[in-house]
Amino acid sequence: MQRWSDMRRIGMILGLAVMGLGGYVAERAEPIEPTELGVTINESAEETSSKDIPVMTDKEEFGSMIEDVPKGTVRLVDAVTSQYTLQYTDGTSERPSKDGVIYETVIDDLGLIAIKLPNRDDSFGVFNYSRDEEWGLHGIQNFTIPEAAEKVRHGLDLPEEELFVDNFEMSQLERPVEMWTLYDETQCITILVTDAFSVADGELIEQRDVSNERYRLNQPEGNGLYYVDQGKLIVVTGNVSEDVLLDLSDSLPETWSADFPMK
């Protein structure tokens, strides 16, 4: 349904212990080959000739470059804006702007951030991180909202009955992660599932049934919550209200369901 620009390898060493990105020296700009980086890139864009979609630049994208996260980086927005660079065929490059953050979620050693990409006004990425001593990038979901794409009837309790939906699995991690992003022109919601662990972050959301506890995440941008179901940690985050996330989380099927999280 959607296609993405090629991304091939640029010289870089992967730190296997933390599944992060090792240091490298870039002598020439080559497209990244995701499978050789230990960083999984999910490309789900499709070109469209629609004149209604605003384009921020007429530059043609050539590839992407991923660098080390500077040591001591705390905020995810600082990690992604210092690490990820889009390259263009005219030899110039551009990084995402901190003003483009859609949501920024941290729960213990896991991190999710959605941010607008600089090449198009209708393009954004969802970046999945984990942290030992430093943030390490594991996966990227890249999206462009094409007019030709088909929205999916998701069957969940959301204001819109149909949204664009993309699934992304990172089974190579020590703690495998699977996530789904539901989005349209104005909103981005990500559902992440991984093995449950002791969670120190979050506060119990009041007026929730004791058998249906949800915990609020304190986020710099967007809203987020989590809960535990049958040994699985479910994180729901996005640039929508907490009430929308609560209704959505309550409508999710049990995690063992074959078609989770859709209905």
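Two strands count as paired if DSSP finds at least two bridges between them. In this predicted model, strands E2, E3 and E4 form an open sheet in the order E2-E3-E4, with antiparallel pairing. The largest nonpolar core holds 24 residues, and another core, of 21 residues, lies apart from it.

- Strand E3 (residues 84-88) pairs with E4 in the antiparallel sense over two bridges, and Gln-87 is opposite Ser-93 in E4.
- Helix H1 (residues 76-83) packs on this sheet and touches E2 and E3, with its direction at about 30° to that of E3.

**Nonpolar cores**
- In the largest core, Phe-124 and Val-126 touch the most other members.
- Strands that give two or more residues to this core include E5 (101-107), E6 (110-116), E7 (123-131) and E10 (162-170).
- Leaving aside residues up to four places away in sequence, the contacts of Val-126 include Tyr-103, Leu-112, Ile-113, Phe-143, Met-179 and Cys-188.
- The 21-residue core has among its members Trp-180, Leu-182, Tyr-227 and Leu-245.

**Ile-145**
- Ile-145 sits in the loop between strand E8 (135-144) and strand E9 (152-153).
- Ile-145 has a relative accessible area of 9% and is therefore buried, the cut-off being under 20%.
- Ile-145 and Tyr-183 are 38 residues apart along the chain, and their C-alpha atoms are separated by 8.8 Å.

Terms used
Residues numbered from 1 in each chain as written. Predicted model: local features only at pLDDT ≥ 70, side-chain atom pairs only at ≥ 80, totals over all residues. Heavy atoms only, no water. Core = buried A, V, L, I, M, F, W, Y, C linked by side-chain atoms within 4.5 Å. Buried < 20%, exposed > 50% of the residue type's maximum accessible area, 1.4 Å probe, protein only. Helix = DSSP H or I, 4+ residues; strand = E, 2+ residues; numbered from the N terminus. Contact = heavy atoms within 4.5 Å. Axes fitted to C-alpha atoms, helices over the stretch in contact; angles between N-to-C directions.
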